[in-house]
Amino acid sequence: MRNLDRQSFLRGLLGDEQPPAHLARAVIEERLRNAILDGRLPAGIALRQQELATLFGVSRMPVREALRQLEAQSLLRVETHKGAVVASLINEDAMDAYALRILLESEALRQSIPLLDEDDLALARRCVEQLEVETDYSEMGRLNRIFHMALYAKAHNKRLMILVEQGLSEEERFLRFNLSAMGFHKLPQKDHWDLFELAKDNMVEQTVQALGHHLNRAMEAITRYLGSRPSAEPARSSEQKKDDG
Ligand code: NI
């Protein structure tokens, strides 16, 4: 996309009112977060510090701080040569994302379960116990990720585990911001207890099956929820992807 088009695109999206200096970081962070979470800022688009600073009429410092916060929330990732880039969100490709996760995480379970030790299992158990009572959404997302990772702790393929962790982080981010809108105040823990017990008993293929069940249910809940939201503008987002991806 040409620079002028980019400027007007970002202005249309984020507004260009200058925030009061002491609120600049918070306001910029909030506007970017909303635009990322509801899909107006598509995955793959680069966010440039100078461009945003000009748009909001502020120095680069609050922009840099805002981008750092969003990166910590996995909404942005930093790429060489591109800088901060909007990370992919679970959206219309939720089915693909979950189908892939089932493949990857099944393999991780097969590698890991026979080698799990007491510490791995104790960590997994603590996470589920905590999830039974936790009501803070970001904490629920974090505990879910740590629980699943504990069951994969002994998987030996490091590249596999990088992909597994990406998938879990993507889900964590999605849950953190969407669980309340999805109508969940607590996450049912039966699936997690089943996974825990089966893994503890070294029942590899049964655990793999239970995981498929668990992830399929999550995918169904997410696609139902996404289908019930007012639809975004697909034409613009595909155009964006072409120009910025
Ligand atoms: Ni889970």
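**Note on helix packing and salt bridges**

1. Glu29 is found in helix H2, which spans residues 24-37. The model discussed here is a predicted one. With a relative accessibility of 8%, Glu29 counts as buried, since the cut-off for buried is under 20%. Apart from neighbours within four places in sequence, Glu29 is in contact with Ala66, Gln69, Leu70 and Gln73. Glu29 also belongs to a network of salt bridges that links Arg25, Glu29, Glu30 and Arg33.

2. On the overall make-up: the protein has eleven helices and three strands. Read from the N terminus, the order of elements is α-α-β-α-α-β-β-α-α-α-α-α-α-α. Of its 245 residues, 45% count as buried. Among contacts between residues at least 6 apart in sequence, 74% join residues at least 24 apart.

3. Side chains of opposite charge can pair when their charged atoms come close. A search of the whole structure gives 21 salt bridges.

4. By class, the contact of H1 with H3 has five nonpolar, one polar and three charged residues.

5. Arg145 forms a salt bridge with Glu172, with 2.5 Å between the closest N and O atoms. Here again the pair links distant parts of the chain: Arg145 is in helix H7 and Glu172 in helix H8 (residues 158-178), 27 residues apart. Both Arg145 and Glu172 are buried.

6. The pair in H6 has another setting. Glu129 forms a salt bridge with Arg125, the closest N and O atoms being 4.0 Å apart. Both residues lie in helix H6 (residues 118-133), four residues apart, or about one turn of the helix. Glu129 is partly exposed at 40% relative accessibility, and Arg125 is partly exposed at 35%.

7. Helix H7 (residues 137-151) packs with helix H9 (residues 190-200) at an angle of about 20 degrees, and their axes are 11 Å apart. That angle makes H7 roughly parallel to H9, because angles under 35 degrees are counted that way. H7 passes H9 in a left-handed crossing. Asn144, Phe147, His148 and Leu151 in H7 meet His192, Leu195, Phe196 and Ala199 in H9. By class, this contact has five nonpolar, three polar and no charged residues.

8. The buried residues of H9 include Asp191, His192, Leu195, Phe196, Leu198 and Ala199. After H9 comes Asn202, which has a positive phi, near 60 degrees.

9. Where is Leu179 placed? Leu179 is in the loop between H8 and H9. Its relative accessible area is 1%, so Leu179 is buried. Leaving aside neighbours within four places in sequence, Leu179 is in contact with Tyr137, Met140, Phe184 and Leu187. The C-alpha atoms of Leu179 and Tyr137 are separated by 6.9 Å, although the two residues are 42 apart along the chain.

How values were computed
Residues are numbered from 1 along each chain as its sequence is written. This is a predicted model: local features need pLDDT of at least 70, side-chain atom pairs count only at pLDDT 80 or more; totals for chains, interfaces and linings use all residues. Side-chain values use heavy atoms; hydrogens and water are left out. Helices (H or I, at least four residues) and strands (E, at least two) are DSSP runs, numbered from the N terminus. Buried means under 20% relative accessible area, exposed over 50%, partly exposed in between (1.4 Å probe, protein chains only). Contact means heavy atoms within 4.5 Å. Axes are lines fitted to C-alpha atoms, for helices over the stretch in contact, and angles run from 0 to 180 degrees between N-to-C directions. Angles under 35 degrees count as roughly parallel, over 145 as roughly antiparallel, 65 to 115 as roughly perpendicular and the rest as oblique. A crossing is left-handed if the near helix is turned anticlockwise from the far one by less than a right angle, and right-handed if clockwise. Ala, Val, Leu, Ile, Met, Phe, Trp, Tyr, Cys and Pro count as nonpolar, Asp, Glu, Lys and Arg as charged, and the others, Gly among them, as polar. A salt bridge is a side-chain nitrogen of Lys or Arg within 4 Å of a carboxyl oxygen of Asp or Glu.
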